[in-house]
Amino acid sequence: MPFKLATAVLSAMMALSFAAQAATELVIATVNNGHMIEMQKLTPQFEKANPDIKVKWVTLEESVLRQRITTDIATRNGQFDVMTIGMYEAPIWGERGWLKTLEFGPEYDVDDLLPAIRSSLSNNGKLVAAPFYGESSMLMYRADLVEKAGLNIPPRPTWNYIAKVAAAIHDENNGVYGICLRGKPGWGDNVALLTTMVNTWGGQWFDMDWKPQLDTQPWHDAISFYVDLMKRYGPPDSSANSFNEILALFNEGKCGMWVDATIAASFISDPALSRVADKVAYAQAPTQLTPKGSHWLWAWALAIPVSARHQDEALRFISWATSREYINLVGQDTGWARVPTGTRYSTYENEQFIKAATFADAELQAISSANSENSTLHPSPYIGIQFAAIPEFQTIGIVVGQQISAALVGKRSVEDALRASQSFADREMRKGRYY
């Protein structure tokens, strides 16, 4: 090989080696659900377009993720460059100055974001987290089983009617349970669903003086109804089930009905994942005494802690992962029914998505009608539908979730569970000097 050519080849190899060594390692903490797993599969396309960045994923179960990122951001450890957070953390951490304000270029089109989602991820009108996908809650059900029972589901059913349908379609001998609902303890697990039930029974977490309301009639009525419903028509070991566990059960054809995140629809309607994909129908979340707060509002979003070591690179990744172009990439690569939804107007204006997603109308209706500032029958001092956006709520919600889970498995009565929950919440609020 001629000397000059050899020198050129050697220089090129050294340059490539240097570039590889010089690539910034971007550490991203996320939750282990389907859309996040899909994002990880598509990350090489981001790395190809950004050869100076190498992405390292830390993928965790939801409750573990919350523990890790809360510890990291509170101590300003800087372990993560990008964190996956939700609508509970975003306003609290944004107000405390723990999150970097996200400044996107005009091509990102911030105005394309759905208002309910955008406002809930902002501090003083500026985004502190960008939504990867948004969701409300709705009823997903086996239309074939309901029809076979000679019944129908109205667009906005009551919980009493849902109990009637569950009884009619429950067939434990053939492995079909009338209804599957979250039972796993956690403020983002069973408490998310249970709060919407309490809301629609006319209850709330706190009154206008910040006094806990857990030992009141609406809580007793809603939780007693839930425990009875699950004992009669739910699957065994429901106290171990949250979103991912019930998703697996539903896809196997074992759940007649399921009230949960609208995002589940993209998985249960996919024939590649679900045995009952062609048998599923949708309705709005059930109500009882009031429609207020009967369905939640949530988004999994990507944020940059102020302690992040590589903030510019982190912003580049978030701009890619939450963009309209990323949604189009998933649609073309995986299928339009499986794109991350609930974030942008343009998704619901896309004819390919509308054609593929039978759930689109019900999902958009649920998200658009959710109001995190007016979610209870009587006035409440907090923002949030399935949570109260105050720092103390996380600890209170975990304990309440554990108490209700104990009632579900029969370790204690609903009355005892709520009495203990009230006592704990009162201590926490007094410690926080709310009263």
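1. Let's start with the rings: the count of aromatic pairs here comes to 30. Keep in mind that this is a predicted model.

2. One of those pairs is Trp57 with Phe317, an edge-to-face arrangement with 5.8 Å from centre to centre and 70° between the planes. Trp57 belongs to strand 2 (residues 53-60) and Phe317 to helix 12, so this pair ties together parts that sit 260 residues apart in sequence. Both Trp57 and Phe317 are buried.

3. Trp205 is in the loop between helix 8 (190-200) and helix 9 (217-233), while Trp219 is in helix 9 itself, 14 residues apart. Trp205 is buried, and Trp219 is as well.

4. Those two tryptophans are also part of a cluster linked by ring pairs; among its other members are Tyr88, Trp187, Phe206, Trp210, Trp298 and Tyr434. Trp187 has a charge over its ring: the charged end of Arg66, 4.1 Å from the ring centre. Elsewhere, Lys211 lies over the face of Tyr435, at 5.1 Å from the ring centre.

5. Now to helix 13 (residues 324-333). Which of its residues are buried? Tyr326, Ile327, Leu329, Val330 and Gly331 are. The buried residues of helix 13 pack against helix 2 (34-49), strand 6 (130-142), helix 12 (311-321) and helix 14 (345-348). Helix 12, then, is a packing partner of helix 13 and also carries Phe317 from point 2.

6. Finally, check the backbone just after helix 13: Gly335 takes a positive phi of about 130° there.

Note on methods:
Residues numbered from 1 in each chain as written. Predicted model: local features only at pLDDT ≥ 70, side-chain atom pairs only at ≥ 80, totals over all residues. Heavy atoms only, no water. Buried < 20%, exposed > 50% of the residue type's maximum accessible area, 1.4 Å probe, protein only. Helix = DSSP H or I, 4+ residues; strand = E, 2+ residues; numbered from the N terminus. Contact = heavy atoms within 4.5 Å. Phe/Tyr/Trp six-rings, centres within 6.5 Å; stacked < 30°, edge-to-face > 60°. Lys NZ or Arg CZ within 6 Å of the ring centre and 35° of its normal.
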